[in-house]
Amino acid sequence: GTSMIYVSNKIDSSTKEGWMMEGMLELWDEYKSREIADDTARSMMKNARDGFFNGGRVQFGYKTVPAGKRKRLEIVDHEAEIVKEIFRLCVAGKGTKAIADLLNQRKQLRRGSAWSKATIANSLRSWCYAGYAVFNRRKHHERIKNPESEWIKTKAHAPIIDEVTFMKAQDILNGRTVKADASHPNSNFFFTGLMRCGSCGRSMMIETATGRSKVYSYYNCSGHLKGTGCRSRRLPAEMIDAWLADFIID
């Protein structure tokens, strides 16, 4: 229901001729946009294959160094040792939260910040550590993530982790996917994120535990789940929802 008025083109979109011309111009613009995107992707892939950095956030364990007008990624030795320890602990069977807790206790921090369950998991999933630059993670002009089978991986820089160890970590993480995702942003429980921890003030999220015959759900402090130091306070989610809903209705 919105009228488009053009300043630089004589197009009257209220007429069928104008409607057709407008559609043709929009289609051409979209084509050119996609053509530019394809050209940019090809250039970035060649840049990566030539060993240059394409920009963005520099992964922990690396730094950028000038290479003429461009930049390359170079390994930061003391950070790389922490990355190797993360993968070693994962392959040895430790979970992401346990790894975060251990590194924080040792004061092996992430550029001054504490490790969390999420940052450990993201590090273990990063192909950067195996020496790859990754393209086509998301759909064109959208925030939707493509399946990993559609990603384009290009050898780009010196790896910190060998591919055998990296793939072992992926197999372990894939086997833990359901258990490792302790807090659910799309939870079916009423008060997820609304209740607060009485100790640290962070939100109470859903944590799951697998029994012999069913999956149990609990409210727990998100600070504890993320490994920031708060104590565990598991509250049975179904029981809390029933009691608190009745309390509010009363």
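Trainee: Before we look at α2 and α3, what does contact mean here?
Mentor: Contact means heavy atoms within 4.5 Å. Keep in mind that this is a predicted model.

Trainee: Thanks! Which residues of α2 and α3 meet, then?
Mentor: On the α2 side they are I82, E85, I86, L89 and C90, and on the α3 side I99, L102 and L103. By class, that contact has seven nonpolar residues, no polar ones and one charged.

Trainee: Where do those two helices sit in the chain, and at what angle do they cross?
Mentor: Helix α2 covers residues 77-91 and helix α3 covers residues 96-105. Their axes come within 10 Å and cross at roughly 140°.

Trainee: What do we call an arrangement like that, and which hand does the crossing have?
Mentor: The angle is roughly 140°, so α2 and α3 count as oblique to each other. The crossing of α2 past α3 is right-handed.

Trainee: Okay, on to α4. How does α2 pack with it?
Mentor: The angle is about 95°, and the axes are 10 Å apart. That makes α2 roughly perpendicular to α4. I86, F87 and C90 of α2 make the contact with I120, S123 and L124 of α4. Five of these residues are nonpolar, one is polar and none is charged.

Trainee: And how far apart are the axes of α3 and α4?
Mentor: They are 8 Å apart, and the helices pack at an angle of about 110°. α3 and α4 are therefore roughly perpendicular to each other.

Trainee: Which residues make that contact?
Mentor: From α3 you have T96, K97, I99, A100 and L103, and from α4 K117, I120, A121 and L124. They divide into six nonpolar, one polar and two charged.

Trainee: New topic: how much space is in the largest pocket?
Mentor: About 930 Å³. It is lined by 35 residues, and R57, Q59, S126, C128 and R137 are the closest to its centre.

Trainee: How does the lining split by class?
Mentor: The lining of the largest pocket has 16 nonpolar, eleven polar and eight charged residues.

Terms used: Residues are numbered from 1 along each chain as its sequence is written. This is a predicted model: local features need pLDDT of at least 70, side-chain atom pairs count only at pLDDT 80 or more; totals for chains, interfaces and linings use all residues. Side-chain values use heavy atoms; hydrogens and water are left out. Axes are lines fitted to C-alpha atoms, for helices over the stretch in contact, and angles run from 0 to 180 degrees between N-to-C directions. Helices (H or I, at least four residues) and strands (E, at least two) are DSSP runs, numbered from the N terminus. Angles under 35 degrees count as roughly parallel, over 145 as roughly antiparallel, 65 to 115 as roughly perpendicular and the rest as oblique. A crossing is left-handed if the near helix is turned anticlockwise from the far one by less than a right angle, and right-handed if clockwise. Ala, Val, Leu, Ile, Met, Phe, Trp, Tyr, Cys and Pro count as nonpolar, Asp, Glu, Lys and Arg as charged, and the others, Gly among them, as polar. On a 1 Å grid over the protein atoms alone, a cavity is a set of points where a 1.4 Å probe fits but cannot get out, and a pocket is an open set with protein on both sides within 12 Å along at least five of seven lines; lining residues have an atom within 4 Å of a point. Grid points are joined across faces, edges and corners, and a volume is the space filled by probe spheres set on the points.
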